[in-house]
Structure formats: structure tokens, C-alpha cells
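Colleague: I've got this one open on my screen and would like to talk it through. Could you take my questions as they come?

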Amino acid sequence: MLRSNLSCIWMFLWRKLSFFIQLSPDNMYLQSKQGAKVELSLFIVFTLIEITFCHGAVIRVPGDQPTIQAGLNSAVQGDTILVAAGVYEEYLTWPQLELLTLQGENPVDRAIVNPPSEHRCLTYTPDATGSEMFIKNIRFSDSHPYDSGGALSIARSNVHIDNCLISESGCTRGGGGVYFKQCIVEIANSTISDCHSVEEGGGGFFDSCVLNLSDTIIERNDTGGGSYFTSNGLGLYLSNCSGKIEHCIIRDHSDWYFEGAGIYSTGGVDIIGCVFQRNEQWGSDYFSGALHTGTCLIKDSTQVSHP
């Protein structure tokens, strides 16, 4: 397939410029309307370049490569690793590529990544600029590393997750299901359930991220253990984040003496059209129950303790 290296280089330069602008501590969003229009125009131009010139190959697992990791290792910019349904007992390391897709072949019967004991499903720490990561139709489960991020641990990247299930995972630090640091994160049509962390964020810990979470279920996650009786944010813990959580269901998080059973947020993440169901804090009238948040917009959302 024809590739245009020059077009790809320009596209990746723009991705990193955009990423820097959005995550700058002094300016997480462009401040002027004129700047926003320029960014949008450039984004459209380079997206068209990507569609026209930068389509990659499809690497099938196990057809072309025997394992998911072998597929990732053999990929180049813009490739798609297409994984057949089945259980893959692997712990994955994302390659140092700026654009890559990992996708299950079947959206209903998802490919399952189930790593060996004391390993994480997927880890990515970029050398420099980070990656544009697309992950779709995958189940990450039964993952129990010692560090932060039970199933996924990703830093300094643009992450797009769609139709994934993250479940039955845990870690000894924060983010029993997922841990993202300095990322732009988009999660849609997915579920994070039955995960546990000793420290904050049983379902997920998001540190200094721009977050867009939509049509997703966060359920039955918890925190605590050892010297931590219970830690904040059984469902999600959002530290210095911006963005929005929209049309999501956050349910069945309850324990003693903590803040934010469903969501604990110290930033300005807006909550729009969400349902909070059976998220409770027991033992003190001082601590918050379903939601603990900073300055944000809460709109068209419902709190149900006992439906």
C-alpha cells in the first residue's frame, strides 16, 4: 500500500503540538476563539492527510502472528492488530509508535487478555512524545501487578478505548482497573467492573488528564487494605483532570469512612446525564457519598441510593 512519509511526518508533528497545547499546565485548553479555530482547521487538514496517505496494514492474530505481542512488535506506524476471539495469556507492552490500533475481530465475543500471575494486561510508558492509541473490542481481566494500574497503565498519550471490558483486576497502589497519567483519554461504550486498588481509584485513577468518558458503566469496584482502611474514589479517582463524563452509569460502590464512593474528583470534570446508583459511604456524616468534586458542571444527572 502506498505510504507518504512526508505527509505522515507532518501529521505526527501536528499531533504532538496539539497534545502539548492541551496538556500545558498553564493552558489545558486554548484560551482564544481565534486560536481554537486555527487548531480546528489544522486538525481537519492533517486528519484528511492521514486518511489519504497513512493507512497501515492489518496484522491478524493468530493468522499472521501467533501472539498479540508478536503482532505489536511487528507493527509500523498506522497498522492495525486484529485479534481473533479467544483467551491470550500475555502481558503486553505497547511499542514506541506514534499511531497504532489494537482491535478485537468480534465486537460481541471479545478477545480476552489474561496475563500470568502478578503481571499487568497492558503497559505503555513512552520514550518521548507518546502514542495515538486505539483499543477496541478487547476484554482485559484478572490482572494483578504490584504497581499502579491493575489492567492498564499508560502515560503521556492520546488513548481511545471503545467497546472494551476491564474487570476483575487489582493493584497495590492506585487505579485497580486503569491508571492514566498526563493523557488525553476517550473511553466509550465500555465497562470497568469488579476491580480493586489498595490506594485511590478502585476502578480507575486518572492523573492530570483530559477525559471524555461516555456511555460507560463503572460498577462494583473498591479500595483499601493493609495500612489503608479505605481509600477515596472507589469507582474513579480524578486528580487535576478536566473534560467530561457523559451518559454513564456509576453504581454499587460502598464502604466505610472515605470520600466519593462513585467518583472522587479534585479538578473540573463536568458530569452530564449520568446515573449514580447505590454508591454509599458508611460511618460518618462528614464524608461525601456518591460524588466528591471540585468546581464543575453537574447537569441532568440522577442519584439513586436504593432503587
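Colleague: Which residues do ring pairs link into a cluster?
Modeller: Keep in mind that this is a predicted model. Rings count as a pair if their centres lie within 6.5 Å, and the count comes to four aromatic pairs by that rule. Ring pairs join up a cluster, and its members are Tyr 179, Phe 205, Tyr 237 and Tyr 264.

Colleague: What about Phe 180 and Phe 206: is that pair stacked or edge-to-face?
Modeller: Two values describe a ring pair, the distance of the centres and the angle of the planes. For Phe 180 and Phe 206 the centres are 5.3 Å apart and the planes sit at 25°. The cut-off for stacking is under 30 degrees, so the pair of Phe 180 and Phe 206 is stacked.

Colleague: How many residues apart in sequence are the parts that this pair ties together?
Modeller: Phe 180 belongs to strand S14 (residues 178–181), and Phe 206 belongs to strand S18 (residues 204–207). Both of these Phe residues are buried. The pair therefore ties together parts whose separation in sequence is 26 residues.

Colleague: Which residues touch the most other members of the largest nonpolar core?
Modeller: Nonpolar side chains tend to be buried together in soluble globular proteins. Here the largest nonpolar core has 53 residues. Phe 206 has contacts beyond four places in sequence that include Val 178, Phe 180, Leu 236 and Cys 241. The residues touching the most other core members are Phe 140, Phe 180, Phe 206 and Ile 245.

Colleague: Last one: is Ser 265 buried or exposed?
Modeller: Ser 265 is in strand S25 (residues 263–265). A polar atom of its side chain lies 3.4 Å from the backbone nitrogen of Gly 267. Buried means under 20% relative accessible area, and at 3% Ser 265 is therefore buried.

How values were computed:
Residues numbered from 1 in each chain as written. Predicted model: local features only at pLDDT ≥ 70, side-chain atom pairs only at ≥ 80, totals over all residues. Heavy atoms only, no water. Core = buried A, V, L, I, M, F, W, Y, C linked by side-chain atoms within 4.5 Å. Buried < 20%, exposed > 50% of the residue type's maximum accessible area, 1.4 Å probe, protein only. Contact = heavy atoms within 4.5 Å. Helix = DSSP H or I, 4+ residues; strand = E, 2+ residues; numbered from the N terminus. Polar contact = N/O pair within 3.5 Å; in protein donor to acceptor, adjacent residues only side chain to side chain. Phe/Tyr/Trp six-rings, centres within 6.5 Å; stacked < 30°, edge-to-face > 60°.
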